Amino acid sequence: MKAKIRDKYLLYKVRKGDSEAFGKIYNIYVDKIYRFVFLKTSSKEESEDITGQTFYKVVEYISDSEKQIENLQAFLYRVARNLVADFYKKANIQTLEMTPKIEETLPDEQVIPEKRIDQKLELEKVKLALKELNDDYKDAIILYYIEELPVREMAQIMDRTEGAVRVLIHRALEALRDKVQ
């Protein structure tokens with residue numbers, strides 16, 4: 001709850017023209033948004049561009065709109081998700097052709113040591129299987145298991161009910177298990 005209050009305060013300050021407040025928003029969320037975009041695009045350059053566009057669009061929205069943003073994190077993910085979809089539409093790409101290096105997307109303490117070859121092989125299977133899932137399933141797995149977002153926020157990001165998101169997570173996990181085996 002503290003994060004929501006902090007975000008509302010920062011949004012208020014941004015509306016009043018405080019660029020430092022937007023810098024704080026950027027610093028809080030840039031790594032999460034970048035990781036989410038990178039897992040969807042697998043390109044460092046494209047991920048950086050889309051992440052930058054995400055924050056640019058959000059600051060434009062805040063400046064041009066009187067509408068309130070109820071959940072800043074969910075709003076940022078939703079903008080990023082839409083920009084990734086636009087990227088693939090423009091490029092006329094239906095599926096992801098590359099999978100990201102998991103080591104680049106996880107915090108240092110979660111990087112799998114080289115000694116654990118069995119786990120690395122399993123991870124490779126999961127990465128390949130994730131590549132074969134449809135976009136909704138990929139989003140569900142990334143947002144829930146990697147970004148660790150609550151179902152409520154995922155529902156806002158994906159414009160679905162919480163029940164529908166729970167079902168989507170379950171189906172995505174089942175589809176991933178089927179692909180891995």
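Let's start at the surface: Glu70 is exposed, because its relative accessible area is 54%, over the 50% cut-off. This is a predicted model, and in it Glu70 pairs with Lys8 in a salt bridge whose closest N and O atoms are 3.5 Å apart. Lys8 belongs to helix H1, while Glu70 sits in the loop between H3 and H4, so the bridge ties together parts that are 62 residues apart in sequence. Lys8 itself counts as partly exposed, at 36% relative accessibility.

Helix H3 takes in residues 44-64. With 21 residues at 1.5 Å a residue, H3 should span 30 Å, and the 30 Å between its end C-alpha atoms agrees with that.

Which residues of H3 are buried? They are Ser47, Ile50, Thr51, Thr54, Phe55, Val58 and Ile62. These residues cover an arc of only 135° around the axis, so they lie on the same side of H3. What do the buried residues of H3 pack against? Their partners are three helices: H1 (2-15), H2 (19-41) and H4 (72-91). On the face turned away from the buried side, H3 carries the exposed residues Glu45, Tyr56, Ser63 and Asp64.

Another salt bridge joins the side chains of Arg78 and Asp159, at 3.4 Å from N to O. Arg78 is part of helix H4, and Asp159 is in the loop between helix H8 (151-158) and helix H9 (162-180), so this pair ties together parts that are 81 residues apart in sequence. Are the two partners exposed or partly exposed? Arg78 counts as partly exposed at 30% relative accessibility, whereas Asp159, at 58%, counts as exposed.

Arg160 forms a salt bridge with Asp136, and here the closest N and O atoms are 2.7 Å apart. Asp136 is partly exposed at 26% relative accessibility, and Arg160 is partly exposed at 32%.

How many salt bridges does the model hold? The count comes to 14, taking a side-chain nitrogen of Lys or Arg within 4 Å of a carboxyl oxygen of Asp or Glu as the rule.

Methods
Residues numbered from 1 in each chain as written. Predicted model: local features only at pLDDT ≥ 70, side-chain atom pairs only at ≥ 80, totals over all residues. Heavy atoms only, no water. Helix = DSSP H or I, 4+ residues; strand = E, 2+ residues; numbered from the N terminus. Expected span 1.5 Å × (residues − 1). Buried < 20%, exposed > 50% of the residue type's maximum accessible area, 1.4 Å probe, protein only. Arc of directions from axis to C-beta. Contact = heavy atoms within 4.5 Å.
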